Amino acid sequence: MINFKISGKALVICLCLLYGIECQSQQLIPPPFVTKEWQMENKPFRIVGNLYYVGTYDLACYLITTSKGHILINTGLAESVNMIKSNVESLGFKFSDIKILLATHAHFDHVAGMADIKQMTGAQMMIQERDAQALADGGNSDFVFGGKGSTFKPVKADRLLHDKDTVKLDNMQIVVLNHPGHTQGANSFLFDVKDDTKTYRVLIANMPSMQPQTNLAGMEGYPDIAKDYAYTFTALKKLQFDIWLSSHAGQFKLHEKHKPEDGYNPQAFIDRAGYDETLGNLEKSYLERLKR
Ligand SMILES: [Zn+2]
């Protein structure tokens, strides 16, 4: 028998240390802002083939299902985890079958639920290398929102992604495209899905929007920001796809294209003109701000 002796004083120190570590990991500062639309429920639906919308009213979360498990892209706010879980379940899928977690970028409104979902499902978290630090420190190193502490539970990624990497699960092959600017590691995802009649090329684009605080002359932690935005506008314009979606429902006008009572209709999301127009408007604001 091992005789394990520990003094009362040492025990107190140990408990304090453990408690301190626990407290530190739980101490989150509130997100800089949230909107009502980000928190509102939204009826989940099948977009096309094995791709489903499981997000909130405005924070888009996508479920890609396969016979070997599922992929979840984005989470919404931390408070929305149970909503996303019940959305997945109401479509007839098991939340615990989620094997891979991806994100369009490491801002609190898209990754704040990752830590909890990773714990609940045991899924592998994959993030663009250039957003891995912000994900790992709960957004504290983010060049716009960082510096005051973690705004979401930190997650250490299991795999770091690079531009043009492929994420594979069963018959799914998702090409990851780094579209920096909004964050250094902002990602779009390009992949094919099939239904009974057709194969569709889907683009989940991280649209290059700017924060009010974004300074294109260069920011601490992101000196080359203007150059990155310019690259991203050029790269996004060149992409070919049938269906486009984005990080926020409002960006691709989800609620104009799909009503809760609508049935399966992938055609509603075929909208090259809307994509070009949205991108054009964002580029206009970028060029105007660049002149200032
Ligand atoms: Zn963002």
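These notebook entries record what I looked up in a predicted model of one protein.

**Entry 1. Ground rules and confidence**

I number residues from 1 along each chain as its sequence is written. Because the model is predicted, local features need pLDDT of at least 70 and side-chain atom pairs count only at pLDDT 80 or more, while totals for chains, interfaces and linings use all residues.

I looked up pLDDT, the predictor's confidence in each residue, from 0 to 100. The protein has a mean pLDDT of 92, and 91% of its residues reach 70 or more. Over residues 1–24, pLDDT stays under 50. For that stretch the model has 1 contact beyond four places in sequence, a contact being two residues whose C-beta atoms, placed from the backbone, lie within 7 Å. Where pLDDT is low, the predicted coordinates should not be read in detail.

**Entry 2**

I took helices (H or I, at least four residues) and strands (E, at least two) as DSSP runs, numbered from the N terminus. Two strands pair if DSSP finds at least two bridges between them.

I found an open sheet of 7 strands in the order β1-β2-β3-β4-β5-β6-β7, and its pairing is mixed. β1 (45–48) and β7 (159–161) are the edge strands; each has a single partner strand, so one side of each is left without a neighbour in the sheet. Neighbouring strands are turned by 25° against each other on average, direction ignored. For such angles, axes are lines fitted to C-alpha atoms, for helices over the stretch in contact, and the values run from 0 to 180 degrees between N-to-C directions.

Within this sheet I followed β4 (residues 69–73) and β5 (residues 98–102), which run parallel and are joined by 4 bridges. His70 stands opposite Ile98 in β5. Helix α5 (residues 114–121) lies across β4, β5 and β6 (124–128), and runs at about 160° to β5.

**Entry 3. The sheet of 5 strands**

A further open sheet has 5 strands in the order β8-β9-β10-β11-β12, again with mixed pairing. At its edges stand β8 (166–169) and β12 (243–246), each with a single partner strand, so one side of each is left without a neighbour in the sheet. The twist averages 20° from one strand to the next.

I then went strand by strand. β8 and β9 pair in the antiparallel sense over 4 bridges, and Leu169 has Met172 in β9 as its bridge partner. Their hairpin has 2 residues between the strands, and Asp170 takes a positive phi near 55° there.

How is strand β9 (residues 172–178) placed, enclosed or open? I noted that 5 of its 7 residues are buried, so β9 is largely enclosed by the rest of the structure. Buried denotes 20 or more other C-beta atoms within 10 Å of a residue's own, exposed 12 or fewer, and partly exposed in between, with C-beta atoms placed from the backbone.

β9 also pairs with β10 (residues 187–194), antiparallel, over 4 bridges; the partner of Val175 in β10 is Leu190. β11 (residues 199–205) and β12 run parallel, joined by 4 bridges, and Val202 stands opposite Ile243 in β12.

**Entry 4. Helix α7**

Helix α7 (residues 225–238) has 14 residues and spans 20 Å from its first C-alpha to its last, close to the 20 Å expected at 1.5 Å a residue. That expected span is 1.5 Å times one less than the number of residues.

Which residues of α7 are buried? They are Ile225, Asp228, Tyr229, Thr232 and Leu236. These cover an arc of only 100° around the axis, which puts them on the same side of α7; the arc is that of the directions from the helix axis to the C-beta atoms. Their cover includes β11 and α9 (272–291). On the face turned away from the buried side, I noted the exposed residues Thr234, Lys237 and Lys238.
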